[in-house]
Amino acid sequence: MYLLRRQSQKPTPEDDSAQKDAKVKELRAALGPLSGRNLKYCTDACLRRYLEARSWNLDKAKKMLEETLRWRATYKPEETRWHEIAHEGETGKVSRATFHDRLGRSVLIMRPAKQNTNSPEDNIRHLVYLIENGILNLPEGQEQMSWLVDFTGFSINTNVTVKTARDIINILQNHYPERLAVAFLYNPPRIFQAFWKAVKYFLDPKTFQKVKFVYPKGKESVELMKTFFDVENLPSELGGQATLKYDHEEFSRMMAEDDVKTAKFWGFDEKPCHITNGHSGAEVAPEPLPVAPAAS
């Protein structure tokens with residue numbers, strides 16, 4: 001009888017879901033009144049991501065989210081437009097793929113060998129822009145994206161610095177929690193190992209578990225990658241059957257169209273820019289909305 005009673009008290013998935021829903025409500029109440037872009041940003045799904053990132057600890061999740069709201073108020077990632085950072089994308093070192101993974105998630109393709117500039121700030125702003133763009137293009141109900149890192153042609157001279165990598169990791173982990181589903185590092189050369197040893201200590205345990213090394217001759221790692229992607233979509237450089245050809249003008253047109261969608265989503269009017277050779281023919285500055293101060 002005692003064993004039966006203990007078994008009946010075991011939490012069910014429904015109980016766990018209800019507890020998490022309650023935590024979301026508690027976090028929303030703890031944040032206090034929100035308005036403007038802060039209100040737009042803090043959806044229930046957003047609050048869940050911050051709670052998940054802090055193991056559902058309310059105080060830690062609140063602190064993390066408030067820090068993000070302060071960061072967004074100053075960095076204003078939603079206001080960056082493609083024409084401002086298009087020069088960073090001329091070689092296609094980071095781009096959003098035209099395909100999704102098997103779960104419909106946006107895919108960012110990174111090619112370190114295509115590094116073309118020396119400005120850490122612009123490199124980071126370019127990546128943040130594309131993270132925001134990947135989020136914009138997520139299907140309903142999907143919160144995460146996948147990253148593919150192609151090391152074809154990689155050399156230590158084309159890599160970003162350890163400091164820049166650390167800054168990127170900090171932004172990803174602190175301000176885009178639970179946005180990364182998986183990051184596949186495809187066929188990194190041995191010279192990358194020293195860099196990896198230096199930067200992996202900046203990764204928290206959850207993010208570290210999402211980084212997967214894939215080698216063409218490593219059957220297990222290749223099969224794992226195929227569980228996330230259809231080989232017909234994957235570029236041949238990443239072990240697939242498709243052709244990866246980055247067209248800067250075409251990509252710039254796509255980003256300009258998405259800039260209009262971004263403006264509409266955040267609530268300010270913006271006309272599409274005319275794109276010539278990957279650059280806008282007219283720069284239209286969005287009208288900033290007042291940002292509510294973060295709850296203290």
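Residues are numbered from 1 along each chain as its sequence is written, and side-chain values use heavy atoms, with hydrogens and water left out. As the model is predicted, local features need pLDDT of at least 70 and side-chain atom pairs count only at pLDDT 80 or more, whereas totals for chains, interfaces and linings use all residues.

Grid points are joined across faces, edges and corners, and a volume is the space filled by probe spheres set on the points.

The search of the whole structure finds three cavities of 30 Å³ or more. The largest cavity has a volume of about 660 Å³. Its lining comprises 29 residues, and Met110, Trp147, Val149, Val160 and Ile168 are the closest to its centre. At least two lining residues come from each of α7 (120-136), β3 (145-150), α8 (162-175), β4 (180-186) and α9 (192-199); helices (H or I, at least four residues) and strands (E, at least two) are DSSP runs, numbered from the N terminus. By class, this lining has 21 nonpolar, six polar and two charged residues, where Ala, Val, Leu, Ile, Met, Phe, Trp, Tyr, Cys and Pro count as nonpolar, Asp, Glu, Lys and Arg as charged, and the others, Gly among them, as polar.

In β4, seven of seven residues are buried (under 20% relative accessible area, with a 1.4 Å probe and protein chains only). Strands β3 and β4 run parallel and are joined by six bridges; two strands pair if DSSP finds at least two bridges between them. Methionine 145 stands opposite leucine 180 in β4. Four bridges pair β4 with β5 (residues 211-214), also in the parallel sense, and phenylalanine 184 has lysine 212 in β5 as its bridge partner.

The largest pocket has a volume of about 690 Å³. Among its 29 lining residues, Ile135, Leu136, Arg179, Phe265 and Trp266 lie nearest its centre. The largest share of this lining, six residues, comes from α12. The lining has 11 nonpolar, six polar and 12 charged residues. Because domain 1 (22-75) and domain 2 (82-259) both give residues to the lining, the largest pocket lies between them; the domain bounds come from an automatic or database domain assignment.

Key: On a 1 Å grid over the protein atoms alone, a cavity is a set of points where a 1.4 Å probe fits but cannot get out, and a pocket is an open set with protein on both sides within 12 Å along at least five of seven lines; lining residues have an atom within 4 Å of a point. Buried means under 20% relative accessible area, exposed over 50%, partly exposed in between (1.4 Å probe, protein chains only).
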